[in-house]
Amino acid sequence: MAQMTMIQAITDAMRIELKRDENVLVFGEDVGKNGGVFRATEGLQDEFGEDRVFDTPLAESGIGGLALGLAMQGFRPVMEIQFFGFVFEAMDSIASQMARLRYRSGGKYHAPVTIRSPFGGGVHTPELHADSLEGLFLQTPGVKVVIPSNPYDAKGLLISAIRDNDPVIFLEHMKLYRSFRGEVPEGEYTVEIGKANIVREGSDVSIITYGAMVQTSLKAAEKLAEEGIQAEVIDLRTISPLDVETIVSSIKKTNRAVVVQEAQKQAGIAAHVIAEINDRAILHLEAPVGRVTAPDTVFPFSEAESVWLPNENDVIEKVKATINF
Amino acid sequence: MVTKKLEPIESRFETFQILNPEGEVVNKDAVPDLSDEQLKELMRRMVYTRIWDQRALSLNRQGRLGFYAPTAGQEASMLASHFAMEKEDWLLPSYRDIPQLVFHGVPLVKAFLYSRGHFKGGQYEGVNALMPQIIIAAQCTQTAGVALGLKKRGKKNVAFTYFGDGATSQGDFYEGLNFAGTYNAPAVFISQNNRFAISVPVEKQTAAKTLAQKAVAAGIRGVQVDGMDPLAVYVVTKEARERAIAGEGPTLIETLTYRYGPHTTAGDDPTRYRSDELTNEWEQKDPLIRFRKYLEGRNLWSKEEEEATVEQAKEDIKAALKEADQTPKQKVTDLIKIMFEKLPYNLQEQFDEYSKKESK
């Protein structure tokens, strides 16, 4: 088993799928010769040729339309939106076109498109690059949203996304690209879309989170353990559809929950998770579900970023408030 | 002045014409090599579509059809261009381009179901087409994708897309042209310039004197054609198709045309934004009158043939309407079932909920 960074695992997943299925195409801005601005597609054009891995003109809406058109010819497009903050340019092609293709064609057509995109704060990008816009796609029927938190999951989930016959938005947190290595098996394997992962077992409180906040929550859980609080940490891995079973069974055990997200508070993933808990497990709760989020502002310029983003202490405080309720 | 004037570009986009409004050939060398039967078939399609348009408007008023975008006036623009398509070519229409879909192989009943808002209206069997596009110019970027896909598959086929004059103001229009041009993909973009985007005249849409010249910025060919002249429309489209197949790149075609009716049946009143004089002026250029005169001059069209076509259209419409009436109403559970290949938990729960609700 190899030790890989998350970005290496992502490249590996695309390489495996390009090799396995000739219908897989990888394209986007700078993904060809340059290998992507983060080098996620490094070496893929050399290996598979310009017919399979190619640059597009600089136009996100065009990239989305191109993907749908190629899907109509039986291809499996893996398109890159260079930064997820640019996704508004492609909203029509995703939300109005790909997501509705099955219904509009009475089930005859489908769009097996994977939309890869870097997102997330903490890496001091210029404005409009780092926004956590995943919540928009929870309100977009017809797409799935996957957010890995480590190299192993990134590879297995990306392979699943590429093989999925519906549009999958695959969000790669920029801070996780090279921040640590993890064991990644060689060759193909999949991680099922829609299944959460319990990354730390505990009995006192369930911390439900995803993306870069998984690392933050794990660090918080270690400190809490020193104080005798055993936190269970759930990595959602897929935020649409949610794995409500894992959430509910954890809460039945711990009777307390805190949802942690990097995105702004209002109508976010945490709000949705809490609503599901309300529907399915409210009588198992000993305290209101806590929520750790960023404030409801636009994403700040980089100088304010580190305070704006939720951190370990925010999680610890919220967990304690929930425990001491 | 360092910057040069626009005129030298614009003067290169003269309107191409073969038949004048009197049905006389004004461009003898350009007359296409169509057989007598093909010429008659094109006429039949235009007459058929005019009758269908009249019936659709009246059925809409009776509440028997829903959303409908009238086509009268645009028959040559729509059907003579489609006449250049092969069965295996791909069609990406706008919501007005239902006639092309039907002549590409979509049964008339589906057009009616689409109008009524039934999901089976977009369920095509063995027809290379996408469903009518509502988002203006979204089909342009998709066409670049379909065309690139055809090229990658090594097929000798072309993606055709239709949109109006207003669409050429959209970013997706230009992105589609630019992507198709960059990849040298076999695509034909047909802008039917019927002078008004709902109410806004084309003069208020752009400073460009022609829409065809917008091709220049994308580095592809552009041509403006008399959209009321079936032979001219056919010739430019056929040529664009041949160029695309030969690997010579995409073409933008601007057809100068006019819709006699309202924008759609959803309450548009054209008297608010255009004069009767203008409409009368365009009616003098009518594609059916023009083509009828041309064919009559060659003894290829008679009153009997006209009447037979009208009867055929009426019968087909009646039969299609009956079939549409007999189609079971769409249920919410039908929709839930086809949101994804496999239903996620939330839709599974909602499927159960709506199954109960709909069985009441």
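Student: What percentage of the 325 residues in chain A is buried?
Tutor: Buried residues account for 63% of them. Keep in mind that this is a predicted model.

Student: Okay. How many helices and strands does chain A have?
Tutor: Chain A has 11 helices and 14 strands. Its radius of gyration is 19 Å, close to the 20 Å from the globule rule for 325 residues, so chain A is as compact as a globular protein of that length.

Student: And what does its C-alpha trace span along the principal axes?
Tutor: About 60 × 40 × 40 Å.

Student: What about contacts in chain A between residues at least 6 apart in sequence: what share joins residues at least 24 apart?
Tutor: That share is 82%.

Student: Switching to the surface. How much of the accessible surface of chain A belongs to carbon and sulfur atoms?
Tutor: 47% of it, out of a total of about 12,100 Å².

Student: And charges? How many positive and negative side chains are in chain A?
Tutor: There are 31 positive and 46 negative ones. The centres of the two sets lie 4 Å apart.

Student: Now the backbone. Which residues does a cis peptide bond join?
Tutor: A:Ser240 and A:Pro241, with omega at about 0°. Most peptide bonds are trans.

Student: Where does A:Pro241 lie?
Tutor: In the loop of chain A between β12 (238–240) and α8 (244–254).

Student: Next, phi. What is the value for A:Arg237?
Tutor: About 65°, which is positive although A:Arg237 is not a glycine. Most residues other than glycine have a negative phi. A:Arg237 sits in the loop between β11 (231–235) and β12 of chain A.

Student: Is A:Arg237 buried or exposed?
Tutor: Buried. Its relative accessibility is 10%, and the cut-off for buried is under 20%.

Student: What about phi of A:Ala267?
Tutor: Near 55°, again a positive value in a residue other than glycine. A:Ala267 is in the loop between β13 (257–264) and α9 (269–281) of chain A.

Student: So why does A:Ala267 count as exposed?
Tutor: Because its relative accessibility is 55%, and exposed means over 50%.

How values were computed: Residues numbered from 1 in each chain as written. Chains lettered and ligands numbered in written order. Predicted model: local features only at pLDDT ≥ 70, side-chain atom pairs only at ≥ 80, totals over all residues. Heavy atoms only, no water. Helix = DSSP H or I, 4+ residues; strand = E, 2+ residues; numbered from the N terminus. Rg over C-alpha atoms; globule rule 2.2 N^0.38 Å. Buried < 20%, exposed > 50% of the residue type's maximum accessible area, 1.4 Å probe, protein only. Contact = heavy atoms within 4.5 Å. Areas by Shrake-Rupley, 256 points an atom, 1.4 Å probe, with all protein chains shown as cover. Lys, Arg positive; Asp, Glu negative; His and termini not counted. Charge placed at Lys NZ, Arg CZ, Asp CG, Glu CD.
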